Amino acid sequence: MRILIRSGSIIRKFIVLVTSDRDGSLSLIVRRDGASTSRTAWSTRTGEQETKTTEFDPPRPKNKRITIHQSGGINYHENGHTIFVAPLTQTTQPFTIYGYRVPALDRLDVHDEDIAEEDAVFDLTDLPEGPVSFSVILGPGNFTPHGRAVKLAYETEGYSVTLQVDPVTFAVPSDLDHHFITLTPDRGLFPQQQMEEPQAMISYHQAMTGVQDAILYAPNGEGVIRMIFSLPMRIAPRFNIELVDPELHVSEQDVQRDGRSETVMLKFKVRHRMSGQIVRQPIAIKSIELDAEL
């Protein structure tokens, strides 16, 4: 979904949030057209306030991207920094994961596409001219924003993402007052990742379905069936799938594996033995045996 800014009669680009169907991780993109030829950075830590400028060759897109992993790792692609918070399904306290300061709302790029039903339009028409800063807050589902905000609640998983207008625009060096500024935290709530990625993926699917055992999803449009294991396995398991209809089968060629999820998920297709056609509707499965012995 997208969060758009209304300023007067004009709708402007701002943020895109994309959720991974694989494990529920989020990709947050701050939208700006064009490319930058340099970046000026500084820190609020004592002794590191001096600005440092890095030239880009070739220029880099002005879009800023953050990935918020289900395991609690937050990656800032702009500077390569990573911090750690609680796994998303275990979020209990709010934490500001990103700050963004714009020199003026009319400096944001115009949104010239249709507004989709799932888009959120943040009306800031009445704000005075001049710089505005925003905070992106990751919090529990029942988090209550203070002041003007757009809150996106992921109710099934128990967390929320809030875009909030800062009551006081954060200060920057005077020579950067007319620049777009991003603010990233030096550290998160924890010094290291609190949940391994395989378990985080299982926790996400269990939260989404309400099932605490193994989960079997119906075939998608391509006929792919996903099985989420109840616990991470040591290695990718061998399998034996027995179907009720003897005219159908699953062969090794129809199993899809990837290194990131093969210890927690099995993806496969079902075919007709005679015709070789893929079955794209739900079918009756007699049993699935997984073997990942030591």
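Contact here means heavy atoms within 4.5 Å. The structure is a predicted model, in which local features need pLDDT of at least 70, side-chain atom pairs count only at pLDDT 80 or more, and totals for chains, interfaces and linings use all residues. Residues are numbered from 1 along each chain as its sequence is written, and side-chain values use heavy atoms, with hydrogens and water left out.

Start at Asp177. Leaving aside neighbours within four places in sequence, Asp177 is in contact with Arg101, Pro103, Pro131 and Val172. Asp177 sits in the loop between β13 (159-165) and β14 (181-183). Helices (H or I, at least four residues) and strands (E, at least two) are DSSP runs, numbered from the N terminus. How exposed is Asp177? Asp177 counts as partly exposed because its relative accessibility is 27%. The scale is this: buried means under 20% relative accessible area, exposed over 50%, and partly exposed in between (1.4 Å probe, protein chains only).

One of the contacts of Asp177 is also polar. The side chains of Asp177 and Arg101 are joined by a polar contact of 2.8 Å. Such a contact is a pair of N or O atoms within 3.5 Å; within protein, one must be able to donate a hydrogen and the other to accept it, and residues adjacent in sequence count only if both atoms are side-chain atoms. Thr125 stands elsewhere: its C-alpha atom is separated from that of Asp177 by 21 Å, and the two residues are 52 apart along the chain.

Now turn to charge. Side chains of opposite charge can pair when their charged atoms come close. A salt bridge is a side-chain nitrogen of Lys or Arg within 4 Å of a carboxyl oxygen of Asp or Glu. How many salt bridges does this rule give? The count comes to 14.

Take Arg226 and Asp21. They form a salt bridge, with the closest N and O atoms 3.5 Å apart. This pair links distant parts of the chain, 205 residues apart: Arg226 is in strand β16 (residues 225-228), Asp21 in the loop between β2 (10-19) and β3 (26-30). Arg226 counts as buried, at 15% relative accessibility. Asp21 counts as exposed, at 53%.

Asp126 and Arg148 form another salt bridge, their closest N and O atoms being 2.8 Å apart. Asp126 lies in the loop between β10 (120-123) and β11 (132-140), and Arg148 in the loop between β11 and β12 (149-154), so the pair ties together parts 22 residues apart in sequence. Asp126 is exposed, at 58% relative accessibility. Arg148 is partly exposed, at 32%.

Lys286 and Glu242 also meet in a salt bridge, at 3.4 Å from N to O. Lys286 is in strand β22 (residues 285-291) and Glu242 in strand β17 (residues 238-243), 44 residues apart. Elsewhere, salt bridges that share partners join Arg22, Asp23, Glu197 and Arg260 into one network.

Last comes a sheet. Strands of a sheet pair through backbone hydrogen bonds, either parallel or antiparallel. Two strands pair if DSSP finds at least two bridges between them. In what order do the four strands of the open sheet run? The order is β15-β16-β20-β19, with antiparallel pairing. β15 (215-216) and β19 (255-256) are the edge strands, each pairing on one side only. Two bridges join β15 to the antiparallel β16. Leu216 has Met227, in β16, as its bridge partner. Helix α1 (residues 197-209) packs on this sheet, touching β15, β16 and β20 (265-268). The direction of α1 makes about 110° with that of β16, where axes are lines fitted to C-alpha atoms, for helices over the stretch in contact, and angles run from 0 to 180 degrees between N-to-C directions.
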